[in-house]
Amino acid sequence: MTTVADAPAAQPPSAVPTREDLVQRAADLVPLLRANARRCHEERRVPRENLQALKEAGLLQLTRPHRYGGFEVDTRTKVQVLGELARGCGSTAWVATLYEDAAFIVSLFPDEVQDEVFADPDVTCTATLIPTAKAVRQDGGFSVTGRWPFNSGCLDAQWVAEPAVVELEPGQPEVCMFLMPYSELTIEDDWYVSGLRGTGSNTVRGENIHVPEQRMLRMAEAKEGTYRSEINKNSPLYRIPAIPYILTSGGATFPGLAKAAMELFLERLPTRGPIAYTGYLQRSDAAITHHQVAEAAMKIRAGDHLMLEAADIVDRHAATGEPYGPEERPLLWGMVSYSNRLFAEAIEILRGASGATGIHESQPIQLVARDAQALATHAVMMPTTGIEHHGRALCGLEPNTPFL
């Protein structure tokens, strides 16, 4: 393992591409990702060609610090780039999201930790949020033991930030993130699912893993945007509190899936014949088809508006350093959740309108629908959860989640 002493000097800041350039780079990859989507699903991991294309396009550098060749993009750019990737492949987009999120998290650790991790310019990291592990102080650091599910992208990553409950002060348990190399952990091959199969979101376990003090991050501080990096603390990106950041990342895949469903449906529509048991000889002539595509299009447009408005709220706070009001974080969760519902409804309309032939494995829209169904069950992305949090805030009630 590379040590801080062995690490090469940090790279000079890269010329940061424009938002338009990065979005176009992602759009240029859609044909490749769409062509590999079925293979990604069947192999239960992102194809090497996809990962290499992401790296060559610089799309795994969005949230890495400038001094390591990263771009430190704003939230709107992040949302739009990841959404474009999802037009090609939901699993690839979700893994890219986790790699970007984890790079963001690593950038919040002490600067010497960043030197160690980002010494490899091609390094990828993952992270989870469910604190199913325990940690105890030991030998100037911590001993961590646990089993963590849902490690998206773990098969091609080198580091992972996992949460565990620890008593930094006697009798005061709290959740902290512990950064560990995958070489010291075991990946269980258990990701057999109906959708987002290509994310390879397997369970990871470790026993008595020694984690140095500097590779620990307190979640209570991360929730408020208080981090351990000195060099990054004045960057707008690294002022974003954990929850607004995670919400806008998680919500970025759904718009791309919905747009993919629309594109696939319209692409196939001219070749589709009659609607069975009706007088319509061409499906494109039927009023029901017109209603279906228009309603799906409006849901996608409305969902886009909510997602980009949420991104702009986060970017405004990041740029000014203005603290969030008591209702703003629940509002963000509600906006992302409601947009997820709109995108999911649009996809389901188009899946249903695709008829019986649309469920055949040869039809890409069925895979898009399965990925959307899987994403809608994510604990953070689940529409009902975020909408409830926003509703509680509107009713003057305190949050009923530690994340807020």
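Two strands count as paired if DSSP finds at least two bridges between them. In this predicted model, strand S1 (residues 125-127) meets that condition with strand S4, because three bridges join the two, which run parallel. Within that pairing, Thr126 has Val160 in S4 as its bridge partner. The protein as a whole has 13 helices and eight strands.

**Overall dimensions and packing**

- The radius of gyration is 22 Å, close to the 22 Å that the globule rule gives for 404 residues, so the protein is as compact as a globular protein of that length.
- Taken along the principal axes, the box filled by the C-alpha atoms is roughly 80 × 50 × 40 Å.
- Of the 404 residues, 55% are buried.
- Among contacts with a separation of 6 or more, 73% are between residues 24 or more positions apart.
- The protein exposes about 17,200 Å², and carbon and sulfur atoms supply 55% of that area.

**Strand S4 and its partners**

- Strand S4 spans residues 159-169, and eight of its eleven residues are buried, so the strand is largely enclosed by the rest of the structure.
- Besides the parallel pairing with S1, S4 is joined by ten bridges to strand S5 (residues 172-181), and S4 and S5 run antiparallel.
- Pro163 has Met177 in S5 as its bridge partner.
- S4 and S5 form a hairpin with two residues between the strands, where Gly171 takes a positive phi near 75°.

**Strand S7 and its partners**

- Strand S3 (residues 141-151) and strand S7 (residues 202-212) run antiparallel and are joined by eight bridges.
- Ser143 stands opposite His210 in S7.
- S7 is also joined to strand S6 (residues 186-188), by three bridges, and this pairing is antiparallel.
- Here Thr186 stands opposite Arg205 in S7.

**Aromatic pairs around Phe104**

- A search of the whole structure finds six aromatic pairs.
- One of them is the edge-to-face pair of Phe104 and Tyr227, at 6.4 Å centre to centre and 85° between the planes.
- Phe104 is in helix H5 (residues 90-106), while Tyr227 is in the loop between helix H7 (219-223) and helix H8 (242-250), so the definition of helices as DSSP runs places the partners in separate elements, 123 residues apart.
- Phe104 also pairs with Tyr245: the ring centres are 3.8 Å apart and the planes are at 5°, so this pair is stacked.
- Phe104, Tyr227, Tyr238 and Tyr245 form one aromatic cluster.

**Charges over rings**

- The charged end of Lys78 sits over the ring of Tyr245, 3.6 Å from its centre.
- Arg44 lies over the face of Tyr192, at 3.9 Å from the ring centre.

**Ala258 in helix H9**

- Ala258 is in helix H9 (residues 253-268) and is buried, with a relative accessible area of 0%.
- Leaving aside neighbours within four places in sequence, Ala258 is in contact with Ile300, Phe343 and Ile347.
- The C-alpha atoms of Ala258 and Arg87 are separated by 7.8 Å, although these residues are 171 residues apart along the chain.

- Most residues other than glycine have a negative phi.
- Glu72, in the loop between helix H3 (48-56) and helix H4 (75-88), has a positive phi near 50°.
- Glu72 counts as buried because its relative accessibility is 19% and the cut-off is under 20%.
- Phe150, in strand S3, has a positive phi near 65°.
- At 48% relative accessibility, Phe150 counts as partly exposed.

Technical notes
Residues numbered from 1 in each chain as written. Predicted model: local features only at pLDDT ≥ 70, side-chain atom pairs only at ≥ 80, totals over all residues. Heavy atoms only, no water. Phe/Tyr/Trp six-rings, centres within 6.5 Å; stacked < 30°, edge-to-face > 60°. Helix = DSSP H or I, 4+ residues; strand = E, 2+ residues; numbered from the N terminus. Lys NZ or Arg CZ within 6 Å of the ring centre and 35° of its normal. Rg over C-alpha atoms; globule rule 2.2 N^0.38 Å. Buried < 20%, exposed > 50% of the residue type's maximum accessible area, 1.4 Å probe, protein only. Contact = heavy atoms within 4.5 Å. Areas by Shrake-Rupley, 256 points an atom, 1.4 Å probe, with all protein chains shown as cover.
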